[in-house]
Amino acid sequence: MYATQALTQLVPLAADELDKNKVTPGVLGFLVFAALAVGVWFLMKSMNRHMGRVDFEEAPDPAAEPEGTDGKAGAAASGTTTKAGPSGQG
């Protein structure tokens, strides 16, 4: 006998006692929810471990000025000058 046939035979027995206003998920619902929660916890733990192994070094921006030049070398090369106003911004 298949499990679905066994369950369909048990449903009429439970129908007499079933109060449609008090239906709850029960133990099976809790076990499924708990299994999903444990699965998500393991997935998050695995993700954190894998993210910790990532060695990422950002490539320098080619349009950015080299460090230590203060932009004066670029302005002199292009023939423009910078003049700071009262706020200190050029």
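In what order do the elements of the protein run from the N terminus on? I read α-α-α. The protein has three helices and zero strands, taken as DSSP runs numbered from the N terminus (helices H or I, at least four residues; strands E, at least two).

A note on the source: this is a predicted model, where local features need pLDDT of at least 70, side-chain atom pairs count only at pLDDT 80 or more, and totals for chains, interfaces and linings use all residues. Residues are numbered from 1 along each chain as its sequence is written, and side-chain values use heavy atoms, with hydrogens and water left out.

Next I checked burial. Of the 90 residues, 2% count as buried (under 20% relative accessible area; exposed is over 50%, partly exposed in between; 1.4 Å probe, protein chains only). The protein exposes about 8,900 Å², and carbon and sulfur atoms supply 63% of that.

Then I looked for aromatic pairs and found one. The ring centres of Trp41 and Phe42 lie 5.0 Å apart with planes at 65°, so I logged the pair as edge-to-face (centres within 6.5 Å, planes over 60 degrees apart). Trp41 is partly exposed at 49% relative accessible area, and Phe42 is partly exposed at 49%.

Last, I turned to Val54. Which loop holds Val54? I found Val54 between helix H2 (26-53) and helix H3 (72-78). Val54 counts as exposed because its relative accessibility is 52%.

Conventions:
Phe/Tyr/Trp six-rings, centres within 6.5 Å; stacked < 30°, edge-to-face > 60°. Areas by Shrake-Rupley, 256 points an atom, 1.4 Å probe, with all protein chains shown as cover.
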